Every structure is written in C-alpha cells, then in structure tokens.
Amino acid sequence: MQLSGMGFGAMMLPNIPIVGNSVSPEALLEGGIDVALKKRLADAALNAAKSKGATYTDVRIGRYLRQFVITREDKVQNIVNTESYGVGVRVIANGCWGFAAVVDAKTEEDTARAAEEAVAIAKANARLMKQPVQLAPQKGYGEVSWKAPIERNSFEVPIKEKVDLLLGVNDAALKNGANYVNSVLFMVNEQKYFASSDGSYIDQDIHRIWPIFSVTTIDPKTGKFETRQALSAPVGMGYEYLQTNPKDKVTGITTRYNKGYDMLEDVISAAKQTKEKLAAKSVEAGKYDLVLDPSHLWLTIHESVGHPLELDRVLGYEANFAGTSFATLDKWQSKNFNYGSKEVNLFADKTQVGSLGAVGWDDEGVKTKQWDLVKEGTLVNYQAIRDQVHIIGEKESQGCCYADSWGSVQFQRMANVSLAAGKTPLSVSEMIKDVKKGIYIIGDGSFSIDQQRYNFQFGGQLYYEIKDGQIAGMLKDVAYQSNTQEFWNSCVKVCDERDYRLGGSFFDGKGQPQQVSAVSHGSSTARFNGVNVINTARKI
Amino acid sequence: MAVILTEAEAKALLQKVLSFSKADECEVNLLGEIRGNLRYARNEVSTSGAMTNKDISVQSSFGKKVGVASIDEFDDASLEKVVRRSEELARLAPENPEHVGVMEPQQYIKSNGYFESTASITPDKRAEAVAKSLELSSKQGLAAAGFLEDRKGFTAMMNSKGLFAYYKNTNVNFSLTVRTDDGTGSGYVAKGYNDFNKLDTAAATKIAVQKSLASKGAKALEPGKYTVILEPTAAAVLLESIFFGMDARSADEGRSFFSKPGGKTKLGEKIVDERVTFYSDPTHPDLPAAAWSGDGQPQAKTLWIDKGVVKNLSYSRFWAQKKGVKPVPNPNNMIMEGGTATLDEMIKSTKRGILVTKLWYIRPVDPQTLLLTGLTRDGTFYIEDGKIKYPIKNFRFNESPIIMLNNLETLGIPERVVSTESDQNYILPPMKIREFTFSSLSDAV
C-alpha cells in the first residue's frame, strides 16, 4: 500500500511523512559510530540475550539521516535535517519472537538492556504460540560491508546548491504560467549495522534521493484548477541523479527520464501541461486499449503484483491491516495459474543498481538476489523471509526482510518487482501505431486496490487520446478500473529494453505498527487491451 | 533520567536549554515516549515489541533567519551543543519572509488524557488481554489477526518569551480481523481509548466474530446508487478528507474544495445538510487532546461546520496576519454531533439499502470535488424491509463526502472510532445516506 500522506495540516505535496529528529547539516557528515564500537555493542546484546535463554538473536544498530529542502514559489519554507540513532534487538526465546528498541543506545549496558527486554517480551508471549518459530538456516558472513555505488553524496552538496536548484525550478514554473509551485528535495542515508548469533557482522551504507514538485494552474473564470506532479522517480542514487544527460532522456509527447533527471525541463513542461489539462476534453467512459508508460505502470505493478505475491500476506499475517491475497498457495502449487498473458514476465530483485531495494544483505543477514515471480504468464514464486520460506519448500530465505528504523521490527517487505522488457524489438511509437481506440497514460495519480488485490482503480498525470494509431490530444477526468488477473491477461505487448525505466516509492506502507519501505519497479511501456475507463468529473 | 518527565522536571529541563540561547528568539520542544505492542495472526502471536524514544528540538532565529536542530542526549554539554547548532543553522539559512516570531505566554485550558491503567501495562498484561480475544475466535474455528498497541508519553514546550506548555497522555488501540477458515467470511473491530481499563478485548472480539460469521456466502448485487448505512468506522475514513482539508490558505489560493471562483472561499456558506455539525474540543471527556498546538497556540472548542455552514477554516499565524484575521490552529481532535437513532433503528427504517461496516484504501480522485475512491471490506450487508437479508460482495465506490452529507437521511448516536486509514481517533455517529455511488464489484473477502 502506498501511503497517501494525509493528516491534519498535511502539505500540498503528497506522500511526505517526515520522521526522525532534526539536526544541523554538519552533524549529517559526522561519520557515525566506529565499526569496532558497533561490534562491541552488538556482542553485548548477543551475549545478554543468550544468557537469558534466547536461541537466536539479531541486533541492528541504525543511524538514519534525512534531509528535506522544502520550497514554494520564491520561498524556502523549511530545511530539515533529521538524524535517528538507536538499537533494535530481536530474539527467539521459548520458540517465540520478541523485540525491543532503545533510543541513543551508546553503551554495552544499553544494548544488553534492550536484549533482556526482548527476551522478556518473547517469554510473555510464548503462551500465545501454537508452533515455535521455524527459522531457515543462514550461514554467518563474518565481518563484511556493502556501500551503495553513488557518485556524489547528497549530504555533501551545499544547501545553497539545492536551494538554488529548487528556486530556479519554481521560477521556471511561474514564468511558464503556473499559479503555484511546491518543490522538495528529499535525501536519505541509512547507515545500518547488523549482527546475529549466526556469526554475521554486516555494515551497510545506503543512499536514496527523490526530487519532486507539484505545479498548480487555476482558470480564473471557472475557478477550476489542475495540477501536474514531477515525472521523476525516487532512486537509490546520490546527487548525480540531478545531473542531466541527453542519453537519460526519453523524448516523445513529453520528455521522461531514466538515470538522470532534468528537473528544470520537466517543470517547464508541467506548467504548460496544466494549462492544456484545463482545456482538455473530458473522457467518454468505456473500453479503451491502454498504453502505459513506466512512470505510471510502476504503481500498478506495485499494487497488483508486488503486494499479492508477498508470502506473509498470502498466509494471513497481514489480514488485520494490509490484507490477504487472491494468489493463494493452491494457485501456485497448480503450476498453471494464469497470472497474465504469455508476454508477462515479472521478477523480484534486491540487487539492481540504482534501485531503491538494492542492498548487499537484507535486515536478517541474508545475501540478496534476483528471482522469478511470474514466468510467461504463470505464477511461479512468492517473496518470503527466514521464518516463512519453508512453507514454499525453499531451503533459504529470498532476502527481502526490512525494518524502516532501529525502532521497528524487521519483517517481509517487497523486493523491487519489475516487468521484464519485451524480447522482440518494439518502440513506443510502433506500439501506438497499432492502437485504434486507446489512451496513453504517463505518470502516477490516484490509486486504490482491494485487500485481496483483485479490484483496482488508477489515475495518472497525463492522458492522451489515441485514435487510429495517432495521438489525438489530451484528455482529463480519466481513471481505469480492472481486476488483477484480467488486467495482466489483457497485456498484449511490452516494449523492448531500450524503454526500460524504474519508478517507485519511498512510502510503501505495511505492518502494525505501520512501517514504510522504499521500493522500485521497472518496466518498459506496455499495452493492455479493452480496459474499463471511467469519468471522474462530478458536479457539486 | 526517566523518559517520561513530570511537568516540573520538563520545565526545569527547558529552562536550562533556554539559558544557553544567544539568538534573538528561541523555542524548544521536548518529547518522551514509551510504546509497546502485541501483534498476532493465524491465532498466534507474530511480531511484538517495545520502544523508548525521546527528543529535544530547538528553533533559534535571528530576524527572519531560522534554524532548527535537535538531539536525543540530555546532558548539559549536549543541550548546549544543540542550541549552538540551531543558531549556526539560522545564520546559514536564507530569510524566510513567512517566519512569524515566537508567541507571548498563553493560558491553556486543562485536559486530561493520562491514565495510570495504560501507563502501567506490562508484556504480561498485553498477553492476557489478547488471550481473552484469541480464546473466543479459536473456539469457533475462526482465524484471528489482531494488534494491541499502547503508548505513554509527554510533550512540552517553552520559548524565550516565557511561554510554557505541557501535556502528558496515554493511548491504547486494539484492532482485530476475524476470518472464517474457508476464507469466505471476514469481520473487523477497532477500539481506541486513553484508559486501558475501558478496553474489553472479549466484547470487541464478539463484534468481529459476529460479522465474520454473518458475512459468509455473500451474494453479488449490481453496482449503482444505493441507500447506505455507514457504521462510524466506515464514515471516519470518508470524513477525514474534509477534516484534513480545511486550510484557509489553500482555499484563498483557489486550490481546494473550499475555494470559490474569483479568490473567494466557502467560509460562511452552507455546504452540507443542516444536521451536520462538527467541532474540535481538547476537553471532551471521551476524546481528550492537548490544549495547545506545536507552536504554542491555545486550543479551545472550535466549530468547523455548524448546521451545515462552514464556520472556520484553519489559519496559520502567518496567513492570519496577512489576511488580518485571528489565527485558527489545526484541530487536535474532531467530534461530529449525531442524532438519537440506534443502528438497529436505522436498519429498521430502511426499505432497501446496504449496511457498510468498514471501508478500505480510500484515496482522493479529484481534490476539487473531494471525490474519493475505495472499497467496502470485512462485512457488507443487504437490507430489505427493515431487516438484514444477506451478506453481499464488496463494492468499489466513487463518492464525495460533500455529496454524501447533502444526501443525509439519518444520524445515529456518536461513538469514539479509530480511523483505519490514519489511526486518528474521532467521535462520529453512524449515518444513513441516500444515493451513494458504487461503481464496480470486488471479489475480495
């Protein structure tokens, strides 16, 4: 589930829950705790848990840095630097999980105390267990490390450079006719240390960045307004994502971006497009062939493939909140469940360079990898972690365990789930040429799906009518509704790898207490035939 | 030092922080909290834990240049360091023309949201409360997945003009989904309280069990416009888009439902049925809240919609100054007035309609009309001639809460509910609405 970012006093830009404590910019460049000290702190917790009767323990020492630069029009509204540091200890005692976390744990006594509390919780809850936790074996890796391959650390870029970029973007939007513009640079650095009673001591350094804006234009006569959000993607990169390079641009009806994002160019298009949207034709409801750009399709993949193929959901562990799944074990066991058409190959991965999910090891010390979920339309696998993977007959975890903070317990989270590019050479213009009555959708918009992932409704940022192989102009008030299996079976073509791009979210929500996770979804433009489109305009 | 400070301890700590300040103005916010939870699924415990957290946040300003820094270590050297850091950041920051200085000392009304019963919860007490629930669902061969979470904490603030505020509270939320073994029935319940003694997990579980069994064997109805009875849990997630959207600046700027052409707003205008009134009130005995906002503004009883008319929009201190009006802080809670009808009476008076017990995955479709989409979940029932006839398959809806509150038939007796979208607690009545728009069917149970 993608969070909507609603709340009392929510910002104009969607999806930015701000968590953590604010700190000064120079604090973000301090190196954090020395690895040798982290090992000592972890060992204290491992030993304390063992002496209290834990049969398995893992310790996560986390320092989470975030920086937000928030602007509107000609003003910097806020520069927020947050740092969150603490230790979370997870144990199995009497066959039951227990977890405790302590803020600002810098001594061996602190981490030992967390370990003891985790054991106490496990023992108190063991009476509510029917079967002891069955953990897939995992070899220890000793002392190892992994660093995201970034070129320019966002936290080392001066604030002034970031402010100048955003105010330049805002100025361009206003000069091109927008009434309002909000823009934000959102940067994350997770410094994570993991140690377990299996003998792993893993130090990792992860970077993410997400530049976004929202442009609003109002028609003074009617009072109607239209917005257009940025076509950027959140990525597992450094500040180099904001370097523009012609080879990262996908030109066409509007320019889209791959590994480098031209924020200034995109906002100029956005300002012009909000005016076009105000004058666009309201869509006539009915069946259309949809041509979906990767900047849009990522969210449909996320909701209708990523979530239903999470094994914990399938088994019922998320029944009280995020829901269960239509993709039940019997469908997988049959080896012939038609998730989609033959064109549909979907895979999970935690390794793709530049993706949000990429790490060396997951949050329970499992080395990451890539694996198939749907092969030529047939359901072949799920996403599972150490305490559940035996249920699908696997001997080791798939390495997709994650906690969003030292203070949260790790659990199964979505890997990057992507639609493989088509194998036959096919460009977007060649795809559109064959469509008689269709809509070409760019960018993600409104989204909603049921708790078993059958029925969904999606909107977008830009809708173009396709008539007899030609783009015939812009539409508005568009949303499509479908059913997951029907939708993926209506997929007739996927463009080739030249068009493959990542989309994604920083804020995939799951679990109780709710945690967020950052995840990417790749695809090339794909065509879906005969999808039900509704008109969303209302009169009040 | 303890994580949960008393009012006197908080005051002393804040005074110490301010004593280090060399800025024109300084404002300090302080937080301490302890949280614990028990999560279960498939009739057994899954992941559970506890967390302690604390933070001190310092805002320093030199004219219109502002910096904020925070720290979670409370020794003297760290406190001085965090003040210096905020001052350095303020010197580096560009001027923010929208910055408004700190407030003069304020008087706050008293509100009590702290209960020892909740503050003293132990892992054993949590396990005991959940055991009572599991016993009932297991007995009937049903699969239970639930979550019990408690929090005790305090917030406090002080500024260089001498303003001081303190609020300590506790909270416990319990939610449960009970599914039939064959996966054809599902029922839900959620309860939120400040006082753990008010939580009866067994009584709550009976509601979810009843809905789960009653929702087995659902039939499909054609999508379309129906009279619906929304239980408060279902109403909450629709009304939130109004509660969260009452910002004067967005309305003045022409980019909200509350905007009107020509730069005007709907303030003072009747937008929904005259029986609709909602207000915030930090002293409400069933939904206490802090009597101050994060910047120190006092919270008092505030009418937002009165007899269908927009009475107030929230004005930040900057926007209020610009518009020459009094600032109105965002509310800390929300209460909707109701009627006298019980849910049973509302069903009895319905010729043909649908009882919606919960809604799910609510997202905005059009901010201009507040059009929302989402689905029914965990128990939807067809009503004919005043009786529940049979369970029905879930629907997707596309509806605006504004249109809905104009199509109001009856309001029932208000109760405290937990939003399944935001986890916020509200007091809301069940409501009967005519011509509610369902747009497609879902196979989900």
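In which sense do β4(A) and strand β2 (residues 44-62) of chain B pair, and over how many bridges? The two strands pair in the parallel sense over four bridges. Two strands pair if DSSP finds at least two bridges between them. One bridge joins A:Ala101 to its partner B:Met51 in β2(B).

The model is predicted, so local features need pLDDT of at least 70 and side-chain atom pairs count only at pLDDT 80 or more, while totals for chains, interfaces and linings use all residues. Residues are numbered from 1 along each chain as its sequence is written, and chains are lettered from A and ligands numbered from 1 in the order in which they are written.

The classes are defined as follows: Ala, Val, Leu, Ile, Met, Phe, Trp, Tyr, Cys and Pro are nonpolar, Asp, Glu, Lys and Arg are charged, and the others, Gly among them, are polar.

Next comes chain A by itself. Chain A is divided into domain 1 (10-279) and domain 2 (282-535), with bounds that come from an automatic or database domain assignment. The C-alpha centres of the two domains of chain A lie 22 Å apart. In the contact between them, 51 residues of domain 1 of chain A meet 45 residues of domain 2 of chain A. On the domain 1 side, β7(A) gives the most, with six residues. By class, this side has 25 nonpolar, 16 polar and 10 charged residues.

Two helices of chain A also pack together. Two packed helices are described by the angle between their axes and the distance between the axes. Helix α1 (residues 35-51) of chain A and helix α2 (residues 108-125) of chain A pack at about 35°, and their axes are 8 Å apart. Axes are lines fitted to C-alpha atoms, for helices over the stretch in contact, and angles run from 0 to 180 degrees between N-to-C directions. The crossing of α1(A) and α2(A) is right-handed; a crossing is right-handed if the near helix is turned clockwise from the far one by less than a right angle, and left-handed if anticlockwise. Among the residues that make the contact are A:Ala44, A:Ala45 and A:Ala48 of α1(A), and A:Ala112, A:Ala115 and A:Val119 of α2(A). The contact has 11 nonpolar, one polar and three charged residues.

Chain A also holds an open sheet of four strands, in the order β15-β14-β13-β18, with antiparallel pairing. Its edge strands, β15 (378-379) and β18 (416-419) of chain A, each pair on one side only. Strand β13 (residues 346-349) of chain A pairs with β18(A) over four antiparallel bridges, and A:Phe347 has A:Ser418 as its bridge partner in β18(A). Helix α5 (residues 294-306) of chain A packs on this sheet and touches β13, β14 (370-375) and β18 of chain A. The direction of this helix makes about 110° with that of β18(A).

Chain B has a helix pair as well. Helix α4 (residues 123-139) of chain B and helix α5 (residues 201-214) of chain B pack at about 30°, with axes 8 Å apart, in a right-handed crossing. Residues in this contact include B:Ala129 and B:Leu136 in α4(B) and B:Thr205 and B:Val209 in α5(B).

Which strand does β7(B) join through six bridges? Strand β7 (residues 224-230) of chain B runs antiparallel to strand β23 (residues 431-441) of chain B, and B:Leu230 has B:Met431 as its bridge partner. Strand β19 (residues 395-399) of chain B also pairs with β23(B), in the antiparallel sense over three bridges. There, B:Phe395 stands opposite B:Leu441.

Key: Contact = placed C-beta atoms within 7 Å.
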